[in-house]
Every structure is written in C-alpha cells, then in structure tokens.
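We'll walk through it together, one piece at a time.

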Amino acid sequence: GNPVCECNMCYGGSDCSELLPDCMVDADSGDPTFLEPFWMKNAASSAVVVAGWHRMSYEYSDGSLISEELKAHIQKVHASVGNAITDGKYIIFGAGATHLINAAVHALSSNNASSSPAKVVASIPYYPVYKEQTEFFNSEDYKFNEDASMWKNYSSNSTFIELVTSPNNPDGDMKKAVLQGQFVKTIHDLAYYWPHFTPITAPADEDLMIFTLSKLTGHAGSRFGWAIIKDEAVYKRMLTYMDLSTYGVSRETQLRVLKLLKVALSGNGRAMYEFGYSTMKNRWTKLSKVLSQSKRFSTQNLKPRYCSFSQQFRTPSPAFAWLKCETSVLEDRSCYEVLKEVNITGREGSLFSADKHYVRLSLVRSEDDFDLLLRQIKKLVSVESNDK
Ligand code: PMP
C-alpha cells in the first residue's frame, strides 16, 4: 500500500503538496532534521541490522561498558575536524549531553572541600536545561545560582561550577568562561562546535568538554553524547554516576553511532560537513538578508573568522536566530507574542533568562519548516516597508 503521509502542519492534501494559508510555523524546537537529506542519500551505508543474538551481555568482552572501537572513531572525528584535543584524555559516553551535564556537575561538586553546596552558574542568555536539571535533582552538593556575571567580583572559597556553551544556545556566541580562580571549575558544552554551525578556530583543550551526536549527525533520538575529561578523579566520579544511573549507554545505540561515524569519516571525511555547512549557511544568508531590511527586528551579529577545517574565512551559520524586537514594535507584548501573532512559534527569551525583546528561532529543522519561517518573516518585514 501507499506509505502513510504525515504532512508538515502547514501542508495538506493527499500528497502534502497544498500549502495551507493560516498555519502555525514551528520554529520552537531544536530538532536537527536539517541533516535528514544527507542520511537519505547515504541510506544504505549508514543502515544497521542487529541479529537477535548479538550483544546481549551487560559488558563488552573487555568488561567495560563502552565500545573501544566507537571511542577510537570519536577520537578520529575530532582529529579530522580539529575541534578538540583528545590525546591523553579520558572519554565517557552518556545518553545525550543531557545525561552528561548532570554527571559532570555531580563529579565536580561531590568532592567539594567547602561545606556549602557548589554554585552552578552560566552567563545569560543560557540553555534553560542547566537550571531546570540542576534544580530538579535538588542535591545537597550543588545549587543553581543563576548568572555567572553576578559572581565576577565575589571572593570567597566557595566552589563554582560554570557551564560555558560555545557556540552558545541561543545566540551562537563563542562564549568564554566568565569566572576564574582556584575555586572555579568549568564544564564546556561544545554541542555546536562543528563546521555546520561555526568556523573551527582552534582545537578545544578544556578540562571537561561535552559533545553530542544530536548536533553532529542530527540523530537526536539515539540519545548519545560523550565527555572528554582531563582529570582522572573527575572521570572516575562520572563513571560511577553512569554505572549507577544507567549502567552505560545502550549497546544498540553504540553500534548505530559507530556506523554513522564511519560514514562521516568515509571518503575525504568532509561530505557530511559540507552538506551541514551549506544548508545552514544558506538559511542564515537568506534570513539575515531579509532582516537587514528591517528597523524593527534584528538578529545577532556574527563575525567571520578563519576556519582551520575548511581553510577559509567563514561567517558562523548558527543553529538559532536570536531575534530582537525593538521596543517600538512590542507595545505591551513580548517579542515571542509579536511573532505568535504572525503565526510563528519561537522560544521565549525569558526561558533563557533574557528579557522580552528576544525570541529564539530554530534554524535546524527541515527545509519545509525553514521555508515557511522565511515566508512569514518576509511578510512581517514587507509590512514595514509599506508603512513608510
Ligand atoms: N547542550 C546544548 C547547548 C544543547 O543545545 C542541547 C540540545 N538542544 C543539549 C546540550 C542536549 O543535547 P542531547 O540531545 O545530547 O541531550
């Protein structure tokens, strides 16, 4: 029979080809389906078949919970992109970066010399899960203490754990740690430090770095991430966390990730990044061109930098537009509400602890989603030129 057609919300008809006039454009979630066409093109080489008897055990034959072959492929991926140094470091797997973030917060706080809980901070605007997760686990070892910048000139011997997201979600900024000193520990969330989104300026060499498959290959549903750790004691505490929370990442997931990374590394090892970058660059160019004609709406300004991976100067091609509404357009609404009125659902700036002038628009969704978003933004901006 015919495959069941699941239309995008903005399309109807028997083959999903009819554009509906008043549909809501979803620019909310960061589901990275922009990479789906690449995997469709590479469907056979990326497929996995698992026989019923395969990998039934708790452990691999060496007694560990992680595939050494997968670990070696992750190291190869970093070496080929040049975005992180893995030599002499420990690697641990988790069910997505989400799992690893808390494992890292746990590991950096559990051996805390001071009696008060470690202060977990991030600079605004920051990825909301840091706060939500830290508060959810409600530990005696750590507390979420909001904006890192507030603590800049604070001197005490309490431990800080700063989450540094670079490029940043939501605004693509190449964030650096705000706090420094002997009591400050940092977790570098480098989820977006890939050629799809940003020039690769130098291999990252931080104490604790977190990456995720979600933003590298787009397989967010596989729930796979990894951390690269310098310090052995921190590594061991993260390992204990993984042992006790899930006893490692599903062996099927590890198998699938291995297959995907083999495709990413195949040929000259650039095809996936070329696809990712050209897709994201195209979107950013189109969107920023439209918005450059507006006096009411603007997005973040991103400067070109030399990319060692592509050996060219590149302007970042961010995963999200961090859209600003000027005060004149807000009246008593938030920027999120202004966009909602023209059928665009973004994510409210307040979720990232920013003010009501901001809304995040996802650019990593499917081509249809992006085209619809662009169409609505064009309408919004053309109203303005008619007003003149
Ligand atoms: N960190 C950042 C900055 C993210 O944007 C995301 C995903 N939106 C994550 C972590 C979580 O990734 P994962 O799917 O691996 O849990």
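What follows goes from the domains to one strand and its neighbours.

Keep in mind that this is a predicted model. The protein splits into domain 1, residues 11-40 + 270-387, and domain 2, residues 68-265. Their centres, taken over C-alpha atoms, are 26 Å apart. Where the two meet, 31 residues of domain 1 and 26 residues of domain 2 take part in the contact.

So what does domain 1 bring to that meeting? On its side, helix H8 (271-292), strand S12 (305-307) and strand S14 (320-325) each give at least two residues. H8 has the largest share, with five residues.

Now let's zoom in on strand S5, residues 118-122. Is S5 enclosed or open? Five of its five residues are buried, so the rest of the structure largely encloses S5. Here's a handy rule: in a regular strand, side chains alternate between the two faces of the sheet. In S5, Ala118, Val120 and Ala122 point one way, while Lys119 and Val121 point the other way.

Who are the neighbours of S5? Strand S6 (residues 142-147) runs parallel to S5 and is joined to it by four bridges, with Phe144 as the bridge partner of Val120. Strand S7 (residues 160-165) is also parallel to S5, again with four bridges, and there Leu163 is the bridge partner of Ala122. Finally, trace the chain through S5, helix H4 (residues 129-137) and S6: together they form a right-handed β-α-β unit.

Technical notes. Residues are numbered from 1 along each chain as its sequence is written. This is a predicted model: local features need pLDDT of at least 70, side-chain atom pairs count only at pLDDT 80 or more; totals for chains, interfaces and linings use all residues. A residue is buried if 20 or more other C-beta atoms lie within 10 Å of its own, exposed if 12 or fewer, and partly exposed in between; C-beta atoms are placed from the backbone. Two strands pair if DSSP finds at least two bridges between them. A crossover is right-handed if, with the strands pointing away from the viewer, the path from the first strand over the helix to the second runs clockwise. Domain bounds come from an automatic or database domain assignment. Two residues are in contact if their C-beta atoms, placed from the backbone, lie within 7 Å.
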